[in-house]
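Please look at the chain shown below and keep it in view while reading this report on one residue and on several aromatic rings.

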Amino acid sequence: MTSRRSFISDLSVSALVAGVISVLVNYSGPFLIVLEATRAAGLDEAQTASWVWAVSIGNGVCSLLLSLFTRMPIIVAWSTPGAALLIASLGGFTFQEAVGAFLVASVVAALFGFTGWFGWILQRIPTPILQALLAGILLPFVIKSANAFESAPILAGSVVVTYLVAKRFAERYAVLAALVVGIITAAVSGSFKPIDLGLTVTGPVWTTPTFSISAIVSIALPLFVVTMASQNAPGLALLRSEGYKPNDRLLVGSISTASAAIAPFGGHAINIAAITAAICTGPESHTDKSRRYVAGVSAGLAYLVVGTFGGFLVSGFQSIPQETISALAAVALLASTVTSLRGAMPGDNRTSAASLITLAVTMSGIILAGVGSAFWGLVAGCAAYFVLALFPRRGQTMNIAPVTPKSALLQKESTKNITLR
C-alpha cells in the first residue's frame, strides 16, 4: 500500500486559484440571496454579521478538513435555494422560531446522512438522471454569461478570449489568466463598484432557538428538501462524474452536523456545493484528479478569512463587475458542464428522453409549493424513466446502462442488451 503524498508536494497554482475563484463566485452572486434573507428576517447589523460569520466559518472548516481527510475537492457552501426559500417564508415567524427550524432541518439531514438513507435513495436514481440534474444546474450559468456581452462586451470578452488563448497554449493556467486579465480590464475601465463597509461588525451572536410546529412545517421541512435535493444530490453527482467515490454518509452527515452547530448563530444551512464545486473538481483545477483536493483546502482557507474579516472582504468581492464574474464563472464551469451533458445521454432513446425531461425542468427555474426546479426536475425525470424504461413494449430491444453509481460512473462497464419476449 503506497503512502499518501504530502500536501506540499501536491500544491499547485491552478488548484489554489480554483478554490479562491469558487469562493469569489459565491460571495459575488449567490451571497446576495443570503443577505436578502437576513433582511426578510428583520435582523439588525450584528445578527446579519453573525449569519455571515456562521455560514462562512461553517463552509471553511468543513471544506478544509474534509478535503484534507478524503483527498477529494470537497467544497461546502450555504444553501442558496434554501436562502431563496427563506425570503418568502420568514416573515410570519420570530427569528428564534426560524433558528429552531434551521436546527431541525440540519439534524434531520444529518440523520439521513449518517444512517445512509440518503445514499440509499441516490443509488436508486439512474445515473443519467443525476447527470442531467447537474447539467440543468450548471448550464444556465454558462448561458447567462452571454448576457454579459450585451451589457459589457469588453469586460466579458477579455475574460473569454484570454481563457481560450491560454487554454490553447497553457491549459492549466487558463482560468487564472482569465481572472487576472478580467480584473485588470475592470480596473482600467473604471468598472469597479464602490466598496460598502456596512457589514463591518463580525463575530457570532447567539440566538436561543424555540420550536413551533408551524415553523417546522413552513421552514424546516422545505429547507430540508431543497438542501438535500438541490444541493447535496447534485454535489455528490458532480464528484462521481469526475471519477471520485465520495462517502455520502461521511460527507452529508458531518456537514449537516456542522450546519446544526452554526444554526444558533444564524446559519440557515450548509451543504455539499454543486455549482462552485465544479470549478474545483474538473481538469481546470488540475489535470491530476488526485491533486485537486488542494482546491478544497484553498476554498476552505478563503472562507475562513472572509468569515474572520467579514464585511470588508464581502463588499470587496461584490465590487467586482457582475459581467466579469459571470464570464469567469462560465469559463470555469465549461469542463464540468460538458462532462455532465455527456453523462446525461449515454443510453437508449427512452433513458435519454427521461434525462432530457430532467434537464428541461431543472433549467426552467419553476417553483412549486415553495420548492425549486432542481427538486422537480429530479421528480419529473425519475417518473419519466419509470414509465418509459421500466415498462418497454414487448419485443423491443433496450440498451440499459447499469444504474448503480459504482458501475455507472466508471463509464467503462459494458451495457446489457435485453430483449423482451
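## A buried threonine and some ring pairs

T227 counts as buried because its relative accessibility is 6%, where buried means under 20% relative accessible area, exposed over 50% and partly exposed in between, with a 1.4 Å probe and protein chains only. This is a predicted model, in which local features need pLDDT of at least 70 and side-chain atom pairs count only at pLDDT 80 or more, while totals for chains, interfaces and linings use all residues. Residues are numbered from 1 along each chain as its sequence is written, and side-chain values use heavy atoms, leaving out hydrogens and water.

T227 belongs to helix α11, residues 213-241; helices (H or I, at least four residues) and strands (E, at least two) are DSSP runs, numbered from the N terminus.

Turning to the rings, a pair is described by the distance of the centres and the angle of the planes. Rings of Phe, Tyr and Trp (its six-membered ring) pair if their centres lie within 6.5 Å, and planes under 30 degrees apart count as stacked, over 60 as edge-to-face and the rest as tilted.

| Pair | Centre to centre | Angle of planes | Type |
|---|---|---|---|
| W51 and F102 | 5.8 Å | 65° | edge-to-face |
| W53 and F265 | 5.8 Å | 75° | edge-to-face |

W53 lies in helix α4 and F265 in the loop between α12 (248-262) and β2 (270-272), so this pair ties together parts that are 212 residues apart in sequence. W51 and F102 are both buried, and ring pairs link W51, F95 and F102 into a cluster.
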